[in-house]
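Thanks for coming. I have one structure to go through this morning, and I will keep to what can be read from it.

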Amino acid sequence: MNEDNDLKRMFEAQRKVDERLTPSFDDIEAKSRAARDFTPAASDRKSVSWPVTVALSAIALSLVVGLASWINTSRPDEPDVSSASHADLQKLNQVCDSLLVRINELDPETMEESSTVEQETDWPTGTDSLIPFETLRFNARKSP
Amino acid sequence: MRCLFVTHTSKFIDMVGSMESDEFRKELAKLHKSAFGWAMVCCGRERDLAAEVLQEAYCRILTGDASFAGKSEFSTWVFGVIRHVAHEEFRHQQRRRRFFQPNAQIAAQACAVVDFDHVTIEQHELAEQLCSALEKLSNRQREVLHLTFHENMTIEQAANILDITVGSARQHYQRGKASLRRLLVIRRELEQ
């Protein structure tokens, strides 16, 4: 009980100190009233909140749509591979095979054409009429 | 924010619809010093922040953001509103100050003396001892002890304000009191 009284005495001292620190009620109340004048009442805020929400949602939606369309248009054009036929692909395969043969015949030390093996590469005919290489490569990758 | 408390003891039910009435204002003015003391506790004894919190709490009361349902005592309700506001504000301030203001400055600000002409040196020392001991307790213990010793409230009233069960409040009260005594004894021993 004595100890409780000690604590009470200490809290009483603290109360005295706090009272000296307390700003006046009128001052705080005046500031609160001034702040209230700038703050809409809770009921008013509810009535204006939904148009704001709708407007913000519309802005956000248009931003998302705009961003999506921008991403779509900014992608690089893909080559048109619809015109590449099976015959074109076969010609390309022939060219690749010929090149591989020539590479295998190179001298591994000098990386020059071996003088011992002189072989005319049998280039496929009609290579002039090939469609662009990029297109063919793309198609070749897709073909089974 | 709606603050509804369970105890039905209010004589201020008539004021529910008239927050601007003189009676309401008088009751608030009567509570003002205690309310500021409570705001100080909730704000870690930062005077400026406590004043801001009190202002915001009065503002919410006046705008009707915090509505008095008459289910508790008027003081209990006001203290509850202050606690809610203080917790919101204190969290914001702590986050901001962690980056902009060193702790030493905060401590200096908290101890800023305004006018202690009418406070004796002994009272000042006792308050200072109590302050430093209370700082070492948990928030809940500090709050319960303040409400019971400083505001002479019952543990039930304190539990009501803190929105906790009476059993929990009693536990905080007993453990807080024991810790506080221990800390004060240690401090006295160190001073001797």
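I start with a definition: pLDDT is the predictor's confidence in each residue, from 0 to 100. A second one goes with it: two residues are in contact if their C-beta atoms, placed from the backbone, lie within 7 Å. This is a predicted model, in which local features need pLDDT of at least 70 and side-chain atom pairs count only at pLDDT 80 or more, while totals for chains, interfaces and linings use all residues. Residues are numbered from 1 along each chain as its sequence is written, and chains are lettered from A and ligands numbered from 1 in the order in which they are written.

Confidence, then. Chain B as a whole averages a pLDDT of 77, and 76% of its residues score at least 70. The model's ipTM is 0.70 and its pTM is 0.57.

Now the make-up of chain B. Helices (H or I, at least four residues) and strands (E, at least two) are DSSP runs, numbered from the N terminus. Chain B has eight helices and zero strands. Of the contacts in chain B between residues at least 6 apart in sequence, 72% join residues at least 24 apart.

For burial, a residue is buried if 20 or more other C-beta atoms lie within 10 Å of its own, exposed if 12 or fewer, and partly exposed in between, with C-beta atoms placed from the backbone. By that count, 39% of the 192 residues in chain B are buried.

Next, the core. A nonpolar core is a set of buried Ala, Val, Leu, Ile, Met, Phe, Trp, Tyr and Cys residues joined through C-beta atoms within 7 Å. The largest one has 48 residues, and B:Ala39, B:Ala50, B:Val53, B:Leu54 and B:Ile82 have the most contacts inside it. Among the helices that each supply at least two residues of this core are helix 1 of chain A and helix 8 of chain B. Helix 2 of chain B gives the most, 10 residues. What does B:Ala50 touch, leaving aside its neighbours within four places in sequence? Its contacts are B:Phe36, B:Ala39, B:Met40 and B:Cys43.

Two residues have backbone angles to point out. Most residues other than glycine have a negative phi. B:Arg45 is not a glycine, yet its phi is positive, about 60°. B:Arg45 sits in the loop between helix 1 (22-42) and helix 2 (47-63) of chain B. B:Arg45 is buried, because 21 other C-beta atoms lie within 10 Å. B:Asp163 also has a positive phi of about 60° without being a glycine. The loop that holds B:Asp163 runs between helix 7 (155-162) and helix 8 (166-191) of chain B. Buried or exposed, then, for B:Asp163? B:Asp163 has 11 C-beta neighbours inside 10 Å, so it counts as exposed.

Last, the contact between the chains. It takes 28 residues from chain A and 32 residues from chain B. On the chain A side, helix 1 (2-21) and helix 2 (25-38) each supply at least two residues. Helix 1 of chain A brings the largest share of that side, 15 residues.

Elsewhere in chain A, helix 4 is hardly covered, with one buried residue among its 19.
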